[in-house]
Amino acid sequence: MDSNKKYWKGLEELNSEPEFVEKNKHEFAEPIPIEEVLSGNGLMAKTPRRDFLKALGFGVGAVTLAACQKVPVHKSIPYLIKPEEVTPGVANYYVSTYEGHAVLVKTREGRPIKIEGNPDDLLSKGGLSGQAQASVLDLYDNNRLKNPAQNGSDSTWNEIDAFVKSELAAIKAGGKKIRIVSSTVHSPSTLAVIADFIGQYPTTKHINYDAVSYTGIIQANQNSFGKAVLPHYRFDKADIIVSFGADFLGTWISPVEFTSQYVGNRNNKSLQNKKMSRHIQFETGMSLTGTNADVRIPVKPSEEGVALVNLYNQISGTTLPGTRKLNNVTADKALTIVAKELQAAKGKALVVSGSNDVATQVLVNAINSLLGSYGSTIDLDNYSNQYAGNDHDFTELVSEMNRGEVDAVLFLNTNPAYEYHNSGAIKDALKKVRLKISFSERNDETASLCNVNAPNHYYLEAWGDDNAIEGYYTIVQPTINPVYNTRQAEESLLVWSDNAVKEYYTYVRNNWDKSLLAKGGLSGQKGWETLLQTGFVKAGDKPAGSYSFSRDLNGVAQNILNQSKQLAASGDGKVELQLYQTVAIRDGKRANNPWLQEMPDPVSKVTWDNFAAMSPTDLNKYGFVQGDIINIDVNGYAVALPILSQPGQAQGTISVAVGYGRTQAGPVGDGVGKNAFPFLTFRNGTFQTTAVAAFSKTGEYPIVLAQTQTHHSFEGRNVIRETTFNEYLKNPASNSGKSEEHKKYDLFWQDYGIDNPQKQPYNWVMAIDLNACTGCGACVVACSAENNIPVVGRDEVRRRREMHWIRIDRYYSFNDKGREVTEEQEISTLEDLDHVSVVHQPMLCQHCDHAPCETVCPVLATVHSSDGLNHMAYNRCIGTRYCANNCPFKVRRFNWFNYWNDSRFDNYLINEHTHLVLNPDVTTRFRGVMEKCSMCIQRIQAGKLKAKIEKRPLKDGEIKVACQQTCPANAIVFGNRNDPDSEVSKALKSERTYYVLEELGVQPGIGYQVKVRNTSELEA
C-alpha cells in the first residue's frame, strides 16, 4: 500500500506526548518499588516463596533475613472408591451448549476448568467468544446465592414450594394475571415447561424481554413479509457487505457464527482462489466490525436513516418523498459508488442495519429485496431464534402492574430493574405485585426486589437443550453436581404447576424421545447416548425461499426522515448520543466476571470502565483532554464519565457502552463504570439506542483510564504489513518483504542445533493470518483460562502490570504527510484522525530461534528447547527482568505480587471456590517471577504422550494451543514446521508470510500473513 502510511497504537505515540516518551525511554518502564519491597506489602508479607533470590531480582541485595519461611505441608487424601469415569490427571470432556453454540466442557477430577468450542458445531465451527471462555469462572463465583430465600432470609425448598403453590392457587382463584418475564428462551424443553405452567394457570403470559432489543428487525419482517422472525444472515454467501451500524463481528445477533462466515471469504484459502468479499461500514463509533471493514465511513446517527433512503433511491431509480442530501459530503459521494457495487453483485449482496427502528429495518428489507438477497444471503425460513423480545409487551406489563392487574411475576434470566430504561418505574410497579419470584443465580438488582428467590442452576450444573437456529438442536448436560443449594428453574415450574413429571432430566428426555431425536435420525436409548456424545442434531434445511417486497415506502421514508430531524443535535453543548455493547461485557449480565473486566476492549483497549468516546476533532474544539470528566444528560438522567479520544468517531457524537454501572452484580462488577441503559428511549414501539444529549465539563480532576495499548512500544519500528487486493492479484508477495535482505547475526547461535531443524523431529511454530484475525480478543480469555493467568485489577493495569500472555495490538493508520505539523495543518491532521484504518495483530512470545532473552538471563531461567520453544523455569527465575528489557516484542510479564495469594486481590480470583477453576497441568506463578507464552507446553506434552502410548506418530492438528482452538476466525495455525505436509508449514510458505522485526536477526517462530484490503475508487 502507500509507502507514506504510518501506523501507531495510540494518540500518545502518534503525538510523542512527553509522558509516553518518558515512560518508554528507560531500561524499565517503571522504577523499582524499593519502599514497597521493604514495607509490609513487600518482602515481609506472608508468602510461600523464598525471598532471597527475589530480593536480588528487585535489586535489593541487602534484604535477606526474611528468606527462611517454611512452606506449609498439605496432606492429600486419595479416593477410597474411585469413580469409574474419573482417572486422576486425565481430563474428561462433555458436550453442552452455551447460548446456542455446541461446546465441549473439559473437567478434571469432576470439576469443569475449561470451555472449548465443539469443532462439529454447525454455527461456530469450533470457535468461541471471550464470554463463552470466561463462563466457566462464574460457576465458582462465591457471590452466587447459596440457598433459596423468602423475604430476604434463607429458606428451604420445601418451604418455598409450599408458599409459592399456595400463593399461585389464591391468585388463580382470584383471576388475577400471572406473568413470566425472561430473556429470549430458545430451549424447546423450557418452552414446553412454560406451556405446561400456563395450562395450569391460564391467566399466565410469557413475555420475552431482551436488554438489547431486536424487535425492530422482527417487526419489520412481520410488516414486510408476514413473518415475525429474526433472519439467519449468511455473510459467507455475500460478495459485498454494506453495514449501517451493525457490529456483526462484535456484538450483533450471533458474532461468533458471523465471524466464521465472514472470514471464509477473506482468509488465506479464499485469497489463494483469488476471491475476497468487500465490506463497507457506515457507523458512528468505531466498532470491532468497523475496524475490519475495507472502507469505513463515519456518520452521525441522524445521518444513517437519510443515507439508507438515498441508497434505496440510487438502487431503485426512484425518489422517495422528502429525500434530502446528506451534509456529510464523504458519505454522500460514497453512497453513489456503493449503490453501483451492490447492483453489480445482485444475488450475492447483503445490507444490514444495527438500528432497532421498525421503519429503518423495513427500508433495509426493501433494499435487500431489490438486490435479490432473500434466499441467498438472507434466510427467512431457517430463521434465528436467538432473540425474540417484544419491547411493546414489556412496556405494557409495566402498565399492567401499575394498574394492579398482575398478582404474580416470575423473572427468568433477566434483570429489568437494571436494564430497563426507567428502573424507577419497575421498582414502583413491583410494589403493587403480590408475588414476585426471581430465578436469578445471584441477588441482582431485580432479585433484591422480589419476595421469593429460587436460584437457578448454572448452565454447567443443568440439563436442557437449545434451538438457536430453526432446525438445529443442541443439548445441555451437567458437568458437575450443583455447587450450591440451587434448583433448576424449569424444575421449580414443574413442581409449582403440579406436573406429573417433577424431575427436569426426565422431562427433557421425554421431550427428545417424542420428536427431537427423530429430527436427527435417532431414536431410543442408543439415540440418546449418541446425542450426549455429539451434542446436537440437525434436521434437514428447509429450502430458503425468495421473498418479494411490495409495501408502499412513502410513509416509511417520511417516518425515517422525521426521526433524523429529531435526532440532529443543534446548539452548543448538544451532541448525538449512541449506545453500544462492548465485546467483553455485552449487556452486563456477566459484569462480575474478572476475566471479562480485564479483557481489553478490542478498539479502545480500555479495561474496567466505560467512557464517553469523542472525536479528536471535538476534543480540540471544546478544549477537552482525554480523561476529563463530562456530564451527559438525556431527558433528565445524567452520568459523569471520563472522555476517551477515539479516532474514527463521527464528529458531533458521543458513544457510551451499556452493561456497566451495576450495583448488585458482586464485588468485581459493582461500581465499575456508569449505567447507560437509562439513556435508551422508547420511540415508535421499540427501544432506541440513539438520542440527543446535553454535555458539560464537571470540573472534576481527570482520571487515567486503564488502557493497555501503549504499554509496550516497538520504538517506531514497523511491524504491520498490508496491501490491496488488486496488488495481491498482481503479486501475491506484495509488501511481504520477500525481496528485502536482512543481515544475519550468528555470533551466539551459529552452532545451535535448532539452526538445522532436520536434526529434531519437532519444530513447533505458528502462523497468524492478519486478514482473518478480527481482533475479538477471545484468545486472550482462552489463554487466561488455560494457563492460570492472574487478574490484577484496574490500578495494576494503569501501572502497566497486566499479565496476559497474548495481547491483540490495535494499530491505526493514515497516509502520513509528515509529523512536523504546522499550525495551519493542525485541523487537517485532526480530520485525518476521523478517517483512520485499523489493523489488529495478535502478539505473543515469538519463540525466537535466536532469542535475545536467553542470552541475558544470569541464571538460565529462560532456555531454548530441542523442539524450537523458548522455555521458562519458574523456580530458577530471580526476577532481574533483563529478559523483558531485551525482548523486542515486549511479551514478557513480571509478577509484582503473589496474585493468587494476596488479600489485595481478593475481589478477583481468591475465594474458597474460585481456585477450583485452575488448570492443574499449569503451575501458578509467584511474586518476583517472569512469565510468558509457553505455547501451551502442557498440551504439547499430552499430545506426545498419547501418541507414544498408542505407538503411532503424532498427527498434524492433534495438538491445538488454547488461542488457536477458540479463535472463531481460525486465524491461528500451530504445528510442526519439520512436517512439510502440516498445515502450519503450508501456511508459512504462503507468499504473504512475513516475520515481525525479522531485520533484528532473532528468527521468530511465528509468521504473520500480510493484511489485504479490498479497496477501490471509493478510497480515492
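**Helix packing and sheets in a predicted model**

Me: In this predicted model, at what angle do helix α19 (residues 504–519) and α20 pack, and how far apart are their axes?
Reply: Two packed helices are described by the angle between their axes and the distance between the axes. For α19 and α20 the angle is about 105°. Their axes are 11 Å apart.

Me: Are α19 and α20 roughly parallel, antiparallel or perpendicular to each other?
Reply: The packing angle is about 105°. Angles of 65 to 115 degrees count as roughly perpendicular. The two helices, α19 and α20, are therefore roughly perpendicular.

Me: Which residues of α20 meet α19?
Reply: On the α19 side stand Y505, V508, R509, W512 and L517. By class, the contact has six nonpolar, three polar and one charged residues. The α20 side consists of G524, Q525, G527, W528 and L531.

Me: Is G527 buried or exposed?
Reply: G527 sits in helix α20, residues 524–534. Its relative accessibility is 4%. Buried means under 20%. So G527 counts as buried.

Me: Leaving aside neighbours within four places in sequence, which residues is G527 in contact with?
Reply: W512 lies 15 residues from G527 along the chain, with 9.8 Å between the C-alpha atoms. Beyond four places in sequence, the contacts of G527 are L517 and L522.

Me: How do α12 and helix α21 (residues 554–567) pack: at what angle, and with what distance between axes?
Reply: Helix α12 covers residues 301–316. The crossing of α12 and α21 is left-handed. The angle is about 155°, and the axes are 8 Å apart.

Me: Are α12 and α21 roughly parallel or antiparallel to each other?
Reply: Their angle is about 155°. Angles over 145 degrees count as roughly antiparallel. Hence α12 and α21 are roughly antiparallel.

Me: How many residues in the contact of α12 with α21 are charged?
Reply: α12 contributes P301, S302, G305, V306 and V309. α21 contributes I560, L561, S564 and L567. The classes are six nonpolar and three polar, and the charged count is none.

Me: In what order do the four strands of the parallel open sheet stand?
Reply: Strands of a sheet pair through backbone hydrogen bonds, either parallel or antiparallel. Here the pairing is parallel. Neighbouring strands are turned by 10° against each other on average, direction ignored. The order is β12-β11-β10-β13.

Me: Why is one side of β12 and of β13 left without a neighbour in the sheet?
Reply: β12 spans 295–298 and β13 spans 349–353. They stand at the edges, so each has a single partner strand.

Me: What is the bridge partner of S243 in β11?
Reply: Strands β10 (residues 240–244) and β11 (residues 278–283) run parallel. Five bridges join them. The partner of S243 is Q281.

Me: Which strands does helix α13 (residues 329–344) lie across?
Reply: Helix α12 lies across β10, β11 and β13, at about 145° to β10. Helix α13 runs at about 145° to β11. The strands under α13 are β10, β11, β12 and β13.

Me: Which residues point one way from strand β16 (residues 435–438), and which the other way?
Reply: In a regular strand the side chains alternate between the two faces of the sheet. In β16, all four residues are buried. One way point L435 and I437; the other way, K436 and S438.

Me: In β17, what is the bridge partner of S438?
Reply: Four bridges join β15 (residues 406–412) to β16 in parallel. There, F411 pairs with S438. Two bridges join β16 to β17 (residues 452–453), also in parallel. In β17 the partner of S438 is N453.

Me: Which strands stand at the edges of the mixed four-strand sheet?
Reply: This open sheet has the order β39-β32-β41-β40. An edge strand pairs on one side only. The edges are β39 (972–976) and β40 (993–994).

Me: Which residue of β41 stands opposite T993?
Reply: Two bridges join β40 to β41 (residues 1006–1009). The two strands run antiparallel. Opposite T993 stands Q1009.

Me: What share of the chain's contacts with a separation of 6 or more joins residues 24 or more positions apart?
Reply: The chain has 31 helices and 42 strands. Of its 1020 residues, 63% are buried. The share of those contacts is 74%.

Conventions
Residues are numbered from 1 along each chain as its sequence is written. This is a predicted model: local features need pLDDT of at least 70, side-chain atom pairs count only at pLDDT 80 or more; totals for chains, interfaces and linings use all residues. Side-chain values use heavy atoms; hydrogens and water are left out. Two strands pair if DSSP finds at least two bridges between them. Axes are lines fitted to C-alpha atoms, for helices over the stretch in contact, and angles run from 0 to 180 degrees between N-to-C directions. Contact means heavy atoms within 4.5 Å. Angles under 35 degrees count as roughly parallel, over 145 as roughly antiparallel, 65 to 115 as roughly perpendicular and the rest as oblique. A crossing is left-handed if the near helix is turned anticlockwise from the far one by less than a right angle, and right-handed if clockwise. Ala, Val, Leu, Ile, Met, Phe, Trp, Tyr, Cys and Pro count as nonpolar, Asp, Glu, Lys and Arg as charged, and the others, Gly among them, as polar. Buried means under 20% relative accessible area, exposed over 50%, partly exposed in between (1.4 Å probe, protein chains only).
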